[in-house]
Amino acid sequence: MEESPAPHAAISPVSSLDDSFRLTAAAGSASRRKVSAGRLLWRGILATAGAFWVIASGYVLLAEIWESRKAPLPPLSIEAASLDFGSVWNSEKFEWAVPIRNASAFPIDVGRLEGSCTCTSVSPSSFVLKPSEEVRVTLRYNLFSRTRQNSDATVPFDDLLSAFVSGDERPLARWHIHGLVKNAFICKPTQLDFGDTLVAGRAYPARGIDVTCFQPCRDLVVSADERNVAVVAKNPSGDGLHFQVAVALGTTLESGTHKFKLSLGAVLASGERTPCVSIPVEARILPDLQIFPSLAHFGDLMVGQSREETIVLASRSGRSFDVPNVDAASKNLEIIPVASDDAGSKVFRVRLTSSKLGSENTQARFKIRYRGDGKPGASRSAETAVFDVRCFGVQ
């Protein structure tokens, strides 16, 4: 009789699967342990790098603090409060004083102290300071030259003040002088030009400047540095804000270019007077007498050859005049009058005869006298006109 195998000798499928699962789980666990170890290693590297960065930054910061403590003070110093002049009225003659101190242990020879703006003057501009010694420097600013074109009520101002030691073009110290400049008013135009419309002997038309105040003003204070100029300021609307300044030239101003300045300031509603500023004015007055053409150039002339030009003397204002005398600067120049019915103009022929080689320049001077108004004893003014004549003498 055959015996059945023992029960424990049979292979159980469940046991095989369980062992396989254990092997797979063991492999996964080992893999996870490897990944965890890699992460831990990477985190350790990052932590080490972070600690190194913190230590390095701290070292640099401490070094900078230490160096800043050891850094010497600037050899020349100005207190911060003295660098700001605050808020002031616009002015051409503003003064501000700053104390400059020698903070070093050695004498300092300042050969030049200057501002970056041409509107700045410094006094004293050179000095020697012993250790701990101080000098009071006065700065004078033409604030208006910097703010003339600005139409704002308040304008920031900044000037770079530089100190140079003798023999060195590198600045030893620099400071910014700053503040706010208040405008009481704005002007249009900012400078007045009468143009070329003025003729001597005629009445000169007046010109105007429009002035707008930023706050109500009682009045404007205006004057001119030219005695033959009249200036009047009016507030037609009565609002104290919009003014008109009329500028009239005296008839005694002679022909030529005249430059002068108007002084303009405001009286505020509170009674405070602002500093005056200057408005430049230019007037070009043409002489009444004119010559057509203004000169004659006869070019190349053979020796002994003559050429002539017809010219006209005329009054720009149409005034009647006579020509009692004509002076020729050369015997080779001949002036021949031509009959004319116009009392306000005269015609002449100017003839030049060449007598030498090379260029020749000469002149004819016409002396005129204006006629009176017909009344006995009426005054007659005189005037002189010059006519140039040129040529090249060739053989």
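**A chat about contacts, cores and cysteines**

Biologist: Which backbone oxygen lies 2.7 Å from a polar atom of the side chain of histidine 258?

Modeller: That of glutamate 254. It is a polar contact, meaning a pair of N or O atoms within 3.5 Å; within protein, one must be able to donate a hydrogen and the other to accept it, and residues adjacent in sequence count only if both atoms are side-chain atoms. This is a predicted model, where local features need pLDDT of at least 70 and side-chain atom pairs count only at pLDDT 80 or more, while totals for chains, interfaces and linings use all residues. Residues are numbered from 1 along each chain as its sequence is written, and side-chain values use heavy atoms, with hydrogens and water left out.

Biologist: Where is histidine 258 placed?

Modeller: Histidine 258 is in strand E17, residues 256-268. Strands (E, at least two residues) and helices (H or I, at least four) are DSSP runs numbered from the N terminus.

Biologist: Is histidine 258 buried or exposed?

Modeller: Histidine 258 counts as buried because its relative accessibility is 19%. Buried means under 20% relative accessible area, exposed over 50%, and partly exposed in between, with a 1.4 Å probe and protein chains only.

Biologist: And what is histidine 258 in contact with?

Modeller: Leaving aside neighbours within four places in sequence, histidine 258 is in contact with Leu253, Val281, Glu282, Ala283 and Ile285. Contact means heavy atoms within 4.5 Å.

Biologist: Next, arginine 218: buried or exposed?

Modeller: Arginine 218, found in strand E14, counts as exposed because its relative accessibility is 57%. Its side chain reaches the backbone oxygen of alanine 269 at 3.2 Å. The C-alpha atoms of arginine 218 and alanine 269 are separated by 5.3 Å, although the two are 51 residues apart along the chain.

Biologist: Let us turn to the core. How many residues has the largest nonpolar core?

Modeller: The largest nonpolar core has 32 residues, and those with the most contacts inside it are Phe185, Phe194, Ile209, Val211, Leu220, Leu249 and Leu262. The elements giving two or more residues to this core include strands E10 (185-188), E13 (207-213) and E17. Apart from it lies another core, of 28 residues, among them Cys117 and Tyr141. A nonpolar core is a set of buried Ala, Val, Leu, Ile, Met, Phe, Trp, Tyr and Cys residues joined through side-chain atoms within 4.5 Å.

Biologist: In what order do the 4 strands of the open sheet come?

Modeller: The order is E1-E3-E7-E5, with antiparallel pairing. Strands E1 (76-77) and E5 (120-123) stand at the edges, each with a single partner strand, so one side of each is left without a neighbour in the sheet. E3 (residues 94-102) is joined to E7 (residues 134-141) by 8 bridges, and proline 99 stands opposite arginine 136 in E7. Two strands pair if DSSP finds at least two bridges between them.

Biologist: Finally, which cysteines does a disulfide join?

Modeller: A disulfide joins cysteine 117 to cysteine 119, S to S 2.2 Å, and a search of the whole structure finds 1 disulfide. A disulfide is a pair of cysteine sulfur atoms within 2.5 Å. The torsion about the S-S bond of cysteine 117 and cysteine 119 is about 130°, so the disulfide is right-handed. Both cysteine 117 and cysteine 119 are buried.
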